[in-house]
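Visitor: Please show me the structure, and I will ask about it piece by piece.

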Amino acid sequence: MTATDVDRPLMLAPAADPAPLGLAAFALTTFLLSAANANWMTKATGLAWLGFAFSYGGLAQFAAGMWEFRNRNVFGATAFGTYGGFWIGIGLWALLVAPPPAGAPPLVAAAHAAAAGKDLGWILLAFAIFNTYMLLWSTQVNAAVFGVFLTLEATEIILFIGNFAANANVVKIGGYVGVLTAAVAWYTSAAGVINGMRGTPLLPVGKPFGMAPASTT
């Protein structure tokens, strides 16, 4: 090895775009939980989302975020890494915190359920705060990604209000908006897959808008 070999920068080929995977993982898990919130799963347990909160919405989305770091995409890394962690955290909360203590009498169980609803309200409020600035910065990506963050913002706000107020009807509305969020995320994922395969746009995602990009001169 020569001095020239040591000084030469290491050039790594970019990884494939992980955003379609992250969006698909987010969409499916959001759809399952939102369908339960919308009270559509009347003949199901309502917990179909739980396993996928760990395996798909959590692990796959978090992995997509780490690949976005590899691609030097700070927005994608922050978004997918955060919401991957969100789904894992919600899954752990549902398993470890939400259930009442074993053998709890009815009044204690009811009080615990009420307190758990407030927990969920605080969690959703915190993520709505995070989502607010990501919504603003998504204007620099494209219209489809902005649509994902816009509908997600509405979902989180409606759900944290519903959980703080213990209002099942508001939570149900949040479920409907969550289903819309999943649909927008699925479309954006599908566009990323086919546009990436073709190398030319087939499904439109729109252009960045909002603030002008910083000058490089």
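Visitor: Does lysine 207 count as buried or exposed?
Guide: This is a predicted model, where local features need pLDDT of at least 70, side-chain atom pairs count only at pLDDT 80 or more, and totals for chains, interfaces and linings use all residues. Residues are numbered from 1 along each chain as its sequence is written, and side-chain values use heavy atoms, with hydrogens and water left out. Buried means under 20% relative accessible area, exposed over 50%, and partly exposed in between (1.4 Å probe, protein chains only). Because its relative accessibility is 69%, lysine 207 counts as exposed.

Visitor: Which residues is lysine 207 in contact with, leaving aside its neighbours within four places in sequence?
Guide: Contact means heavy atoms within 4.5 Å. Lysine 207 lies 66 residues from valine 141 in sequence, yet their C-alpha atoms are 7.2 Å apart. With those neighbours left aside, the contacts of lysine 207 are Val141, Asn142 and Ala143.

Visitor: How are helix 2 and helix 3 oriented to each other?
Guide: Helices are DSSP runs (H or I, at least four residues), numbered from the N terminus. Axes are lines fitted to C-alpha atoms over the stretch in contact, and angles run from 0 to 180 degrees between N-to-C directions. The axes of helix 2 (residues 19–37) and helix 3 (residues 48–70) come within 8 Å and cross at roughly 160 degrees. Angles over 145 degrees count as roughly antiparallel, so helix 2 is to helix 3 roughly antiparallel.

Visitor: What covers the buried residues of helix 5?
Guide: Helix 5 spans residues 106–137. Its buried residues include Leu120, Leu124 and Phe127. Among what covers the buried residues are helix 4 (74–96) and helix 6 (143–165).

Note on methods
Helices (H or I, at least four residues) and strands (E, at least two) are DSSP runs, numbered from the N terminus. Angles under 35 degrees count as roughly parallel, over 145 as roughly antiparallel, 65 to 115 as roughly perpendicular and the rest as oblique. The expected span of a helix is 1.5 Å times one less than its number of residues.
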